[in-house]
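Reader: Please take a close look at one part of this model for me. I want the salt bridges, pair by pair.

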Amino acid sequence: MGPYARAGLAGIVSCGVLFAAVLIGRPDGSGNDDNAKDERPQPGPYVALGDSYTSGPKIPRQSGTPAGCDRSDHNYPAVVARQLGVTAADFRDVSCSGATITDLTAPQKTSNGTNPAQLSALSTRTRLVTLGIGGNDIGFGSTVTKCVTMGAMYRAIDSDRLFSDDAPCKKQYADSGTDEVAQKIQTAGRKLSAALAEIERRAPKARVYVVGYPAILPAEGKGCGRELPLAPGDSTYLHDKGKQLNTMLRGQSEAAGATYVDTYSPSVGHDACSAEKTRWIEPLQPSSPAAAVHPNAQGEKGMADAVLRAIGA
């Protein structure tokens with residue numbers, strides 16, 4: 001996903017996008033039908049598509065080109081490829097930090113190089129594809145940034161009284177009766193539907209697994225103190241928007257005949273507010289090598305495990 005957050009009391013840089021991953025793979029056909037789909041996914045060729053939740057910014061070891069895509073050789077596609085025994089020649093990771101759904105079909109400029117249109121990596125030989133996309137399309141990074149900034153001010157002013165329904169940031173997005181983030185999720189859903197159809201056209205023998213985003217925040221509506229200061233109601237609001245994004249991903253995957261992979265359920269209790277040794281998502285000041293408000297190596301491994309279970313590996 002893309003531009004990622006950096007901590008600081010005086011300011012917070014864009015968090016990047018927090019959520020979505022789509023896994024696609026379809027095995028070779030049998031008999032005379034070249035497009036027939038076997039129930040057993042072939043190990044490759046495997047193409048990984050997506051944003052920074054797929055690429056794994058700042059997780060050692062960074063590899064691949066362009067360097068501005070921030071890919072790690074310990075991101076979940078790399079773990080999946082190793083577990084499935086996909087050879088280096090049959091594995092292409094074209095995920096890129098900051099990617100939107102548009103970047104699947106158009107080149108993406110990064111701070112260090114241009115990433116070709118991601119779907120250009122697909123072919124009729126492709127049997128497995130992963131795609132993590134959507135968070136940047138709904139502006140989740142800027143939403144989190146605004147909510148954290150307002151949460152820090154809220155806690156500084158009202159530190160003696162924190163009420164569970166206090167949500168100063170939510171009012172900026174949903175106070176008029178129309179939820180801006182919810183509308184963006186609907187728009188992203190239509191774009192994703194078209195993207196999945198294009199993947200089907202370019203890689204007709206691939207099986208498709210749409211992988212949802214892990215939990216960024218706890219469900220009970222609490223912040224992370226100094227590490228991720230949020231008003232209690234805003235923590236709940238952001239958590240709910242993440243679940244709505246996952247619901248959209250599930251719906252679009254099922255409509256496209258894909259399999260949805262739930263990474264949220266296994267990540268509960270491993271959010272950015274959890275203990276340092278157990279968290280999958282780093283807070284604004286990461287304690288493990290990873291981008292702020294993004295998965296660390298443990299989180300990428302957890303996402304990979306969910307994907308492998310769905311594949312049946």
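Author: The count comes to seven salt bridges in this predicted model. Start with D179 and K241. Their side chains meet at 2.9 Å, N to O. D179 sits in the loop between α4 (170-174) and α5 (180-202), while K241 belongs to helix α6 (residues 232-255), so the bridge ties together parts that are 62 residues apart in sequence. Both ends are covered. D179 has 16% relative accessibility and counts as buried. K241 is buried too, at 5%.

Next come R279 and E282. Their side chains form a salt bridge at 3.8 Å, N to O; the cut-off is 4 Å, so the pair counts. R279 is buried, with 3% relative accessibility. E282 is buried at 0%.

K301 and D305 make another bridge, with the closest N and O atoms 3.0 Å apart. Both residues lie in helix α8 (residues 297-311), four residues apart, or about one turn of the helix. Here the ends are partly exposed: K301 has a relative accessible area of 39%, and D305 has 27%.

Now a charge without a bridge. D103 is buried but has no salt bridge. The nearest side chain of opposite charge is K191, 9.9 Å away. D103 lies in the loop between β5 (91-93) and β6 (108-110). Beyond its sequence neighbours up to four places away, D103 touches G98, Q108, A117 and Q118.

One caution on confidence. The chain averages a pLDDT of 85, but pLDDT stays under 50 over residues 5-36. Where pLDDT is low, the predicted coordinates should not be read in detail.

Note on methods. Residues numbered from 1 in each chain as written. Predicted model: local features only at pLDDT ≥ 70, side-chain atom pairs only at ≥ 80, totals over all residues. Heavy atoms only, no water. pLDDT = per-residue confidence, 0-100. Contact = heavy atoms within 4.5 Å. Helix = DSSP H or I, 4+ residues; strand = E, 2+ residues; numbered from the N terminus. Buried < 20%, exposed > 50% of the residue type's maximum accessible area, 1.4 Å probe, protein only. Lys, Arg positive; Asp, Glu negative; His and termini not counted.
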